Amino acid sequence: MSVSNEHDGWRDAVATYALGALTETERGRLEEHLETCALCRADIRWLQPAAEAIGAAVEPRRPPGRLRRRVVGTARAEARPRRVSGGLERMIRWPALAAAAATTVLIAGLTVGYALRGNDGPMGSTVQAEATPAAPGLEAALVREGDSARLEITGLDAPGPAHVYQAWIRIGEEIAPSTVFVPDRRGRAAAAITGELNEADEVMVTREPRGGSIRPSTAPLLRASLG
Amino acid sequence: MRRRKQLSRLADEELMPLVATKDPDAFEVFYERHAGAAFSLAHRIVGDPGRAEDVTQEGFMSIWRSESGYDAARGSVRGWLLGVVRNRAIDAIRRDAARPAPALGLDPAQILDRRPSRTSTDSEVLRGETARELRGLLGTLPREQMQVIELAYFGGFTQSEIAQMLGTPLGTVKGRIRMGLEKIRAGLAEGQS
């Protein structure tokens, strides 16, 4: 079969590919073909603007202002990676908060929340996080896949415009700030945990002022133990 | 503020490398430039403003957190973003357990008629004009071509599902998609000339 004839055989698939309407198997087969067919690659480049035009042709709607605050605010908060060291007591700015944190630590073992359990699979592992008494309605799991990890949480209250949630990684007495995030309207969040987890003892989440904090300023709402 | 003003003068292709370096000012300019289009598309697909907000947020944050960044080979920046948002929106409606399977007699007209009300503002007039022009172009397509294209793009159905839904041979669906896209592409080329 000539190159041109072989290309003709893929023409319809190329158009459907540009539209994103192939099954995974069909897409895989075409992408394999694209590696060796410059004609099909050129065909896709030609049709791509047509597919884009369909999405750009919808009736305009103005996004609400709170969406901008959620998106841009989270990005600004995450753009400030910092690392600090020191004991937990030094992470807390005020005595009252230190007391609250200590209380949380003391009664963590008695928490009626979510039992810690490991759930290892071939591709990674999942650790159920434990909600503290400060946030008994939270459900969360830390999902690790290779070098990446994400914390999946449900039941979060809206933090309000002046606050965000922030994840922390504790290694011994050292606590490093990780991702800052806000939940969606249903109280769900999937926060990518940035930072070194191999030596970590636990991942925690606190509520922090907008922009995040260099050290926890409130008591943890949940903990995922890795030790 | 002054820096954001300078950034706002950059073309999308110049802005995206800065977004890839996690520059929040560049990301804010990127958001302001494309949030309207992204939200409009998300709303068109999921049909609910609240879910459209979630989908738009997911799309922008996935780009912000992405390690790979924008690749010019994927098309225009706006097209790339809309592709990301579209995929998220399709995932969202697929997660919706209430969505009936095509084999159960889904009426394609219900999907095609799921259009949002118009709420554009003065600031979006220019983009609205462009969208209107594009809609005019799409309006020139034969109905059967537009139907399969909308079911695929907005409904998230595969070509096989569309064939089953419409009771039409798969080859016919493929051909209609191909002819429809080629006609849109030719119309775009004419508009540029």
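How many nonpolar, polar and charged residues does the lining of the largest cavity have, by class? I shall return to that cavity at the end of this talk.

The model before you is predicted: local features need pLDDT of at least 70, side-chain atom pairs count only at pLDDT 80 or more, and totals for chains, interfaces and linings use all residues. Residues are numbered from 1 along each chain as its sequence is written, chains are lettered from A and ligands numbered from 1 in the order in which they are written, and side-chain values use heavy atoms, with hydrogens and water left out.

I begin with the interface. Chain A contributes 52 residues to the contact and chain B 63 residues, contact meaning heavy atoms within 4.5 Å. The two chains bury about 5,300 Å² between them, 59% of it on carbon and sulfur atoms; buried area is the accessible area (1.4 Å probe) that two parts lose on being put together, summed over both. Of the area that chain A buries against chain B, 15% is supplied by A:Leu19, A:Pro60 and A:Arg61, more than by any other three residues.

Eleven salt bridges are found across this interface, each a side-chain nitrogen of Lys or Arg within 4 Å of a carboxyl oxygen of Asp or Glu. One of them joins A:Asp43 to B:Arg178, with the closest N and O atoms 3.1 Å apart. On the side of chain A that touches chain B, the largest share, twelve residues, comes from H3(A), helices being DSSP runs (H or I, at least four residues) numbered from the N terminus. That side has 28 nonpolar, seven polar and 17 charged residues. In this scheme Ala, Val, Leu, Ile, Met, Phe, Trp, Tyr, Cys and Pro count as nonpolar, Asp, Glu, Lys and Arg as charged, and the others, Gly among them, as polar.

Finally, the cavity. On a 1 Å grid over the protein atoms alone, a cavity is a set of points where a 1.4 Å probe fits but cannot get out, and lining residues have an atom within 4 Å of a point. The structure holds one cavity of 30 Å³ or more. The largest cavity has a volume of about 40 Å³, the space filled by probe spheres set on grid points joined across faces, edges and corners. Its lining consists of B:Met16, B:Val19, B:Ala20, B:Ile63, B:Ser66, B:Gly69, B:Tyr70 and B:Trp80. Helix H2 (residues 12-20) of chain B gives the largest share of that lining, three residues. To answer my opening question, the lining of the largest cavity has six nonpolar, two polar and no charged residues.

Conventions: Helix = DSSP H or I, 4+ residues; strand = E, 2+ residues; numbered from the N terminus. 1 Å grid on protein atoms, 1.4 Å probe; cavity = no way out; pocket = protein on both sides within 12 Å on 5 of 7 lines; lining within 4 Å.
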